[in-house]
Amino acid sequence: MISISLLSADFMKLSEEIEAVEDAGANMLHLDIMDGHFVPNITFGPMIVKQIRKVTSLPLDVHLMITNPEQYINLFIDAGADILTAHTEATVHLHRLLDMIRQKGVKAGVSLNPATPVSALSEIMRMTDLILVMSVNPGFGGQAFIPECVDKVRRIKDMIRKCGSEALIEVDGGVNHDTAPVLWDAGADILVAGNYIFSSANYADAIASIRPL
């Protein structure tokens, strides 16, 4: 599956951009929520998510790059999130947070920064619907891919198999026609692409170029 990050979209015509990537074959929309504290950037909050929900039927893949995410999950769920992903590094009560999200009937995701070891997942693997591997340091679009994250995907895939989890692996950062094949081969289920898509002349061709063969 391909999840399109709207971080690189033209926000002056966001509705048209969403329609364009829908028509081009996007499977879901990836919404990067940044607070200027957990990451050195600020994007948007639940009000924008709510407006996006009004103009698309695609699943909303909401990535919380914020501190104290437990304080805000109800706002994003009420705004229309279908998947809500928080960082292991952003909360000291990850088990409780995942349980809170799932009790609301929303899929719960966990994200790992590039330097965070896969062992951080060991105690919560069975209650996680999505594992988001950051293949760049979070905060900005258009960064260079960190190749060491490919092996991280392989190790997480192995953990999923061994514990009988049904969690999907998503990778975000530096996805393009060169990096996509190695990520699919390593075991990724969903790739997030933003800058690569929105900087292309043809969204459909760009999305097709990163799909698994």
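## Ground rules

This is a predicted model, so to speak of local features we need pLDDT of at least 70, side-chain atom pairs count only at pLDDT 80 or more, and totals for chains, interfaces and linings use all residues. Residues are numbered from 1 along each chain as its sequence is written, and side-chain values use heavy atoms, with hydrogens and water left out.

## Helix H1 and what covers it

Let's start with helix H1, residues 14–24. Helices here are DSSP runs of H or I with at least four residues, strands are runs of E with at least two, and both are numbered from the N terminus. The buried residues of H1 are Leu-14, Glu-17, Ile-18, Val-21 and Ala-24; "buried" means under 20% relative accessible area, "exposed" over 50%, and "partly exposed" in between (1.4 Å probe, protein chains only). They span an arc of only 130° around the axis, which puts them on the same side of H1. That arc is taken from the directions that run from the helix axis to the C-beta atoms.

Contact, by the way, means heavy atoms within 4.5 Å.

## Salt bridges across the chain

Searching the whole structure turns up five salt bridges, each being a side-chain nitrogen of Lys or Arg within 4 Å of a carboxyl oxygen of Asp or Glu. One of them pairs Arg-53 with Asp-82, with the closest N and O atoms 2.8 Å apart. This pair links distant parts of the chain, 29 residues apart: Arg-53 is in helix H2, while Asp-82 is in the loop between helix H3 (73–79) and strand S4 (83–87). Arg-53 is partly exposed at 22% relative accessible area, and Asp-82 is partly exposed at 32%.

Another salt bridge joins the side chains of Asp-129 and Arg-102, at 3.4 Å from N to O. Asp-129 lies in the loop between strand S5 (107–112) and strand S6 (130–134) and Arg-102 in helix H4 (residues 94–103), so the pair ties together parts 27 residues apart in sequence. Asp-129 is partly exposed at 22% relative accessibility, and Arg-102 is partly exposed with 34%.

## Helices H5 and H6

Asp-189 and Lys-157 form a salt bridge too, with the closest N and O atoms 3.4 Å apart. Lys-157 belongs to helix H5 (residues 149–163), and Asp-189 to the loop between helix H6 (179–186) and strand S8 (190–193), 32 residues apart. Lys-157 counts as buried at 19% relative accessibility, whereas Asp-189 counts as partly exposed at 22%.

How do H5 and H6 themselves meet? Val-150, Val-153, Arg-154 and Lys-157 in H5 touch Val-182, Leu-183 and Ala-186 in H6. The axes of the two helices come within 8 Å and cross at roughly 20°; axes are lines fitted to C-alpha atoms, for helices over the stretch in contact, and angles run from 0 to 180 degrees between N-to-C directions.

## A positive phi at Asn-68

Asn-68 isn't a glycine, yet its phi is positive, about 50°. You'll find Asn-68 in the loop between strand S3 (60–65) and H3, partly exposed with a relative accessible area of 35%.
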